[in-house]
Every structure is written in structure tokens, then in C-alpha cells.
Amino acid sequence: MFLAGLGGTLVAPRLAWAQARKMFVVALFPGEEEDDQPAGQPFFDELRRRGWVESTNIDYERLYGRGAREYMERLARSAASKEPDLIYASTAALALAVLKETESVPVVFTSASDPVASGLVSSLRTPARNATGAYQSAGDGLRRRMQLLRQMMPSATRVGLVLDRRATESARQRTLHEDAVRNVPGMSLSVGEFTNFEAVAKLLANFRREGIQAVFLSPSVTLLGRRRDVVETAMRNKVALIGHRLEWAEAGALFTYGPDVTDALRRSASLVDRILRGAKPAETAVEQASRFELIVNNRSAKALGVAVPGTLLKTADRVIE
């Protein structure tokens, strides 16, 4: 009873302020609802914690892109036409699509791509347009992923990279992976590029024929949106996948190491809260999610015949069995 009373005390003042007019937010996600609804829940939970109660003082319309870039562009157009109080875009590609459709509706994003390099904002401190958000800064995450792979699969001296040529940072991602591999003695990189998702299965099969046992996944709204299909194809080809965010490990990748997605979603929600209360996106600094997490899918490891060292299982932030 005490906890329930305390919760009411904390939320009630926020509700009193917000109930003057119910807000309307459109939230865009890249994949299928069954995958992205649970993955994006921390965003909505944080908004509720801050006093935004669905159907009481805020309404959401959640739209899902089904992993098709062309469909996501139509979603962005539809979202802007609804003239909501704010649009939340869960990836950089979705945010860029929305910004092509509106210069007036506030946009908050969660981005794994550099927001300045991708053209989302003018600077992290002063976005200078109708968008701001949370940036999952990669830091030295890629180099660490290479080191972790070496520990898990010492025999993987040649690794692959699936690269989306239509992704915002395609050229930069290629350079980053090439540089990271050069810092791992005895390891080389083979790059497979695609423009249409149908080519991904062929790339993975080619990697396997070349004797490549482990493949890195570059940031891509198309790959992320179709992650179940990507993982199923990789498992059929006995190829281990390495990703940069939690959703990949949950879908079946061998492991992921990168910025804490939950932290980034909560930061995005805090920015939505501020903007709905009157802050201007152009003057609201982009937040950086800098906490990193290691997620190991031990179920996939066993299926692939990979013996993950016990020390890594003990130090992982989460192990999926």
C-alpha cells in the first residue's frame, strides 16, 4: 500500500499539468510488430514513469516498417500528414525519412549512426532543426567486438561483413570495419554488399562457401527490420552473426556488444517528455548513450558448435540460454 501511494504521489502532479490537452505521438519502428513492440517498450515505460499515461493524457499511434525501406518512407509520409504533436523515429533512417516530409513537427530519434554525419542535426549541442534524440555512440565497440570474437572463435581468422549500400553510413562503416580488423593480428575481412534484401541470403551462402564462419552486421534499418530472416538464413549456413545491439542477440546472433539500447530508449523518452512540455528540438542537445553491454546467445553458440569461454559467460551483461 505504501508503494502504491508513493507512486500516485509522484505521478499526479505531472498528470495535473498534462491533462489540459491530450498529446498525440506517432512512433515509427523498422520491423515487424511482434519483434519491435517488446524491443521498444522501455521507451513507453519511461514516458509513463514521467507521467504520460496512454489514453489519459497521451495517445500513441505505432507504425511498423516490416523491414522494407520503401515501406518505411511511406510510413514517414503518413506520420507527417497526421500532424501529431511529435514523431518518434527509432532509427536514423526513419528519422531522415520523416525530416524529408516535415520541417515543423518535432522529431525525436534513437540513432546508432552519428547524427551529425548522417545529416539529422547540425551539431550534437545545438541541433538547429526540428529534430533531436539519443545517439548510441559506438566508441571502441567495434574493436571490442573483434576481440570478443577472437576469444569465442579463435579459428575464425577470416570474417565477413554484410554491408547495406543504402544505409546512411555505408562507406564509413566499411572503413571502420577494415580499420578494426587491421588491429587484430591474423584476421582479415571479406565485405559483401547489398542494395535489396533478397541478396542477403546469397551473401551469407557465399561467405560459408568461402570458409567464413563469422559475419559482422553493419547498422542497417533493412537488416534490423528483417533480423529474424537474417538469423534463420545464417543458422542454415552455419554462420555466426555478430551485431551491435541487443535485438540481434535476442533474434539469435552469437553475441552483441554495443551501447545499451534500453538506456538510449529511456534517454529518447526523456527528450520527448521535455519537448511535449515546451522545449524546442532545435535548442535541445542530443544525448549520448555511452553504457556498453555484452549479450551472449549461448543457445545459438551451442547450435553452431561454439564453446563460449566461461569467463565471458560470467562477465556478460546477459546470457540467452
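**A loop residue, and on to the packing**

Guide: Let's start with A128, which is partly exposed because its relative accessible area is 49% (buried means under 20%, exposed over 50% and partly exposed in between, with a 1.4 Å probe and protein chains only). This is a predicted model, where local features need pLDDT of at least 70, side-chain atom pairs count only at pLDDT 80 or more, and totals for chains, interfaces and linings use all residues. Residues are numbered from 1 along each chain as its sequence is written, and side-chain values use heavy atoms, with hydrogens and water left out.

A128 sits in the loop between β4 (107–111) and β5 (131–135) (helices, H or I with at least four residues, and strands, E with at least two, are DSSP runs numbered from the N terminus). The phi of A128 is positive, near 65°, although the residue is not a glycine. K238, in the loop between α10 and β9, also has a positive phi without being a glycine, near 55°. With 43% relative accessibility, K238 counts as partly exposed.

The crossing of α8 with α10 is right-handed (the near helix is turned clockwise from the far one; left-handed is anticlockwise, by less than a right angle). On the α8 side V200, A201 and L204 take part, meeting V230, T233 and A234 of α10 (contact means heavy atoms within 4.5 Å). Sorted by class, this contact holds five nonpolar residues, one polar and no charged ones (Ala, Val, Leu, Ile, Met, Phe, Trp, Tyr, Cys and Pro are nonpolar, Asp, Glu, Lys and Arg charged, and the others, Gly among them, polar).

α8 itself spans residues 198–209, and its buried residues are V200, L203, L204, A205 and F207. The cover over them includes the strands β6 (158–164), β7 (188–194), β8 (214–217) and β9 (240–243), together with the helices α9 (221–225) and α10 (227–236). After α8 comes G211, with a positive phi near 85°.

Another helix pair to look at is α3 (residues 41–49) with α12 (residues 261–276), whose axes come within 8 Å and cross at roughly 40°. That angle makes α3 oblique to α12, and the crossing is right-handed. P42, F43, E46 and L47 of α3 make this contact with T262, L265, R266, S268, A269, V272 and D273 of α12. Its residues divide into six nonpolar, two polar and three charged.

Two aromatic rings are described by the distance of their centres and the angle of their planes. Rings of Phe, Tyr and Trp (its six-membered ring) pair if their centres lie within 6.5 Å, with planes under 30 degrees apart counting as stacked, over 60 as edge-to-face and the rest as tilted. By this rule there are seven aromatic pairs. F29 and F44 have ring centres 6.3 Å apart and planes at 45°, so this pair is tilted. The pair joins distant parts of the chain, with F29 in strand β1 (residues 23–29) and F44 in helix α3, 15 residues apart. F29 counts as buried because its relative accessibility is 4%, and F44 counts as buried at 6%. F43 and Y88 form a stacked pair, 4.0 Å centre to centre with 15° between the planes. Here too distant parts of the chain are linked: F43 lies in α3 and Y88 in strand β3 (residues 86–89), 45 residues apart. Both F43 and Y88 are buried. F29, F43, F44, Y60, Y64 and Y88 make up one aromatic cluster.

For a last stop, take T256 in strand β10 (residues 255–259), which counts as buried because its relative accessibility is 1%. From C-alpha to C-alpha, T256 is 30 Å from Y60, and the two are 196 residues apart in sequence. Setting aside neighbours within four places in sequence, the contacts of T256 are G243, H244, R245, L246, W248, A249, E293, L294 and I295.

Conventions. Axes fitted to C-alpha atoms, helices over the stretch in contact; angles between N-to-C directions. Parallel < 35°, antiparallel > 145°, perpendicular 65-115°, else oblique.
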